[in-house]
Amino acid sequence: MAASMTSSSIMGTRVATSQRMAVQARATAVPTATLRQDAVRFAKAAGVGAASLALTLAAQAVTVKAGADGGGLQFDPSEVTIKAGETVTWKNNAGFPHNVVFDEDSIPEGASAGPLSHEDYLNAPGETVSSKFTTPGEYSYYCEPHQGAGMAGKVIVQ
Ligand SMILES: [Cu+2]
């Protein structure tokens, strides 16, 4: 509410006659990345179930910790099962730097390891990377710095 009022006054308009108009007006002037937040904000303002809207926008997502809570060099959980089209997010948790590497020979045929991999090291606490999986099958991956320590995981896409 406060945010939409601020945006309205920045744009030189008086308080909008309705939340819907405010959202539409800002939609023409703000980067796409903020539109989703606007949609959720609008849903809240309109009394729509914001939680269900957010779920719809995000689809289903699974988060894997990079580095166990106790500091162990592992992905937690090391194996996750998702449906085709869903996304896995890795969150830098402990014992970093980590990265997430898929090799062509350990993913299903037709899938491409390059876009799924995140070879840049995760250095900051809580940093995240995500990959969307569209081809069903089993995908094995590992952390390059800790491959020798057995830091590896698997994504099963149904
Ligand atoms: Cu690692």
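The legends below describe close-up views of a predicted model of a protein chain with a copper ion. Residues are numbered from 1 along each chain as its sequence is written. Local features need pLDDT of at least 70 and side-chain atom pairs count only at pLDDT 80 or more, while totals for chains, interfaces and linings use all residues, and side-chain values use heavy atoms, with hydrogens and water left out.

**View 1. The protein chain holds five helices and nine strands.** Helices (H or I, at least four residues) and strands (E, at least two) are DSSP runs numbered from the N terminus, and along the sequence they follow the pattern α-α-α-α-β-β-β-β-β-α-β-β-β-β. Of the 158 residues, 30% count as buried, a term that means under 20% relative accessible area, with exposed meaning over 50% and partly exposed lying in between (1.4 Å probe, protein chains only).

**View 2. The copper ion has four protein donors in a tetrahedral site.** Along the chain the donors are spaced as H-x44-C-x2-H-x4-M. C143 is buried, with a relative accessible area of 0%, and M151 is buried with a value of 0%.

**View 3. The largest nonpolar core has 22 residues.** Such a core is a set of buried Ala, Val, Leu, Ile, Met, Phe, Trp, Tyr and Cys residues joined through side-chain atoms within 4.5 Å, and the residues with the most contacts inside this one are F75, W90, F102, F133, Y139 and V155. Among the elements that give two or more residues to the core are β4 (87–92), α5 (113–116) and β9 (152–157). Leaving aside residues up to four places away in sequence, F133 touches residues including W90, F102, L116, Y139 and V155, where a contact means heavy atoms within 4.5 Å.

**View 4. Two salt bridges are counted in the model.** A salt bridge is a side-chain nitrogen of Lys or Arg within 4 Å of a carboxyl oxygen of Asp or Glu. The side chains of K65 and D69 meet at 2.8 Å, N to O; D69 is exposed at 56% relative accessible area, whereas K65 is partly exposed at 28%. The side chains of K154 and E138 meet at 3.1 Å, N to O, and this pair links distant parts of the chain, with K154 in strand β9 and E138 in strand β8, 16 residues apart.

Methods: Donors = N, O, S within 2.8 Å, 3.2 Å for Na, K, Ca; no water. Tetrahedral: all angles 85-135°; square planar, octahedral: opposite > 155°, others 65-115°.
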